[in-house]
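Biologist: Please show me the model. I want to ask how the calls about its ligands were made.

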Amino acid sequence: MSVLVIVGAQWGDEGKGKVVDRFAAHADVVVRFMGGNNAGHTLVVGNEKTVVHLIPAGVLHPQTICVLGNGVVIDPKVLCEEVEGLQKRGYLTDPAQLRIDERAHLILPIHRMLDQARERSLGERSLGTTGRGIGPAYEDKAARRGLRVIDLFDEKYFREGVERIVAERGLVLEKLYGGTAPTADAICEEYAVYRDRLGPYVTDTSSLVADKIAAGRRVLFEGAQAAMLDIDHGTYPFVTSSNTVAGAVGTGAGVAPRHIGRVLGISKSYTTRVGAGPFPTELEGGVGAKLREVGGEFGATTGRPRRCGWFDAVVVRQAARLSGLSGLAITKLDVLSGIHPLKIAVAYDCEGVRYDRVPSGVRSLARARPIYEELDGWDEDLGAARRVEDLPAAARRYVSRIEELIGTPVTLISVGAEREETILLRDPFLL
Ligand code: GDP
Ligand code: IMO
Ligand code: MG
């Protein structure tokens, strides 16, 4: 099988970017299929660090085609800046390396404004969104008044669409939140520039991807966010506004489910979350602060400190079921060196009832008390390990206990941010 899907198995920032970049050398195409520039995927090669928000994490490999599928919401301003930034550094020099789907929905400035104004007005009850307009853009898509990339090329249709969105959404922005909506004229003028810049990249990517799959080429689907942020299966309402599980590849890239076989879930060796919402294994202070400091747990998109806690097997098990994980990548194992003992949540106690799955009610989850198992830690620095045998026995036991609890083989262990700081147990395309 030549198709591999990579998804986050926790609350995001698991190291998806690193793993996608590591495998993209062997992929012909890397496809983003959902989310937008709420994502921040970090790639480290030697001393060079790159953070991509929209462009797939395969971009550092010039022979790898990068696709933004129809399920992605695109802020063209951010995309243009990202393209230019990469080009200045010598990447993406061939326009054929980037393909943008005609059906992808556009984020407009008013979506960003609504996202931020709504968060401000919610005060303490805010979701802690990234403020990038992701939610409002998906709302307009579902309301069937959204504008798509293809619409940029029909000036009259685009203008009428913008006028309608500004009329409807501007009312809420102004009357409810006291903001000032941009004029349709200003938006049309700004977006004409993006149309001209992005034009060379726009195409029907669903058929491009279908052709590659039919030709047996290696296609990698790069998830953004993660299972617990999925709008249906995550910790609703503290989620993002799209489906993030592997099934979203079908709708978000226009690929039939029968093509999707192998799915690699990415999980940290502990847990982090950025933004509000329940987090049963959260550690405030002490070990939590140490994880944040040693793991550099600050958001790649917003710079916010990430909340940190113990590995939660309940969460990752749920992700494994939802996405049908055929393999699990454990990242940031190096960060756990020197912590004694280590703890893993194996189940929850929800008011006297044992839960082996994540409760659906957000208030039940907020009250869930993790049931922990303790494991021995280790002190060795793991950065130089390239084979499982290079790891101390306690680290090997920790990984195999996770494997047992999740019921999914661990096929990759990451011991540092750099591309090569990786222990590869199996060829990802042959999991
Ligand atoms: P993504 O959103 O899933 O792509 O993850 P992010 O890039 O937002 O966050 C992961 C962070 O951890 C980035 O700063 C990576 O460079 C870093 N990272 C990834 N894998 C490892 C690892 O194994 N060890 C360490 N120490 N850092 C890692
Ligand atoms: P990557 O792909 C971590 C979180 C936000 C907030 C919630 C909703 O880098 O793993 P949104 O802006 O999507 O409406 O915010 O989702 N969130 C992420 N958290 N990693 C991400 O992406 C995230 N994208 C969104 O912090 O809690
Ligand atoms: Mg991230």
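The questions below take up the two ligand sites.

Modeller: This is a predicted model: local features need pLDDT of at least 70, side-chain atom pairs count only at pLDDT 80 or more, and totals for chains, interfaces and linings use all residues. Residues are numbered from 1 along each chain as its sequence is written, chains are lettered from A and ligands numbered from 1 in the order in which they are written, and side-chain values use heavy atoms, with hydrogens and water left out.

Biologist: What makes a residue count as being around ligand 1?

Modeller: One of its heavy atoms must lie within 4 Å of the molecule. Ligand 1 has 19 such residues, and Lys16, Gly40, Thr42, Asp334 and Ser414 come nearest.

Biologist: Why is the pair between Thr42 and ligand 1 called a polar contact?

Modeller: A polar contact is a pair of N or O atoms within 3.5 Å; within protein, one must be able to donate a hydrogen and the other to accept it, and residues adjacent in sequence count only if both atoms are side-chain atoms. A polar side-chain atom of Thr42 is 2.6 Å from an oxygen atom of ligand 1, so the pair meets the cut-off. Backbone atoms take part too: a polar one of Gly15 lies 2.8 Å from a ligand 1 oxygen, and one of Gly416 lies 3.1 Å from a ligand 1 oxygen.

Biologist: How do you know how much of ligand 1 is buried?

Modeller: Accessible areas come from the Shrake-Rupley method with a 1.4 Å probe. Alone, ligand 1 exposes 580 Å², and the protein buries 91% of that.

Biologist: Which residues come nearest to ligand 2?

Modeller: Asp13, Lys16, His41, Thr130 and Thr240, out of 20 around it.
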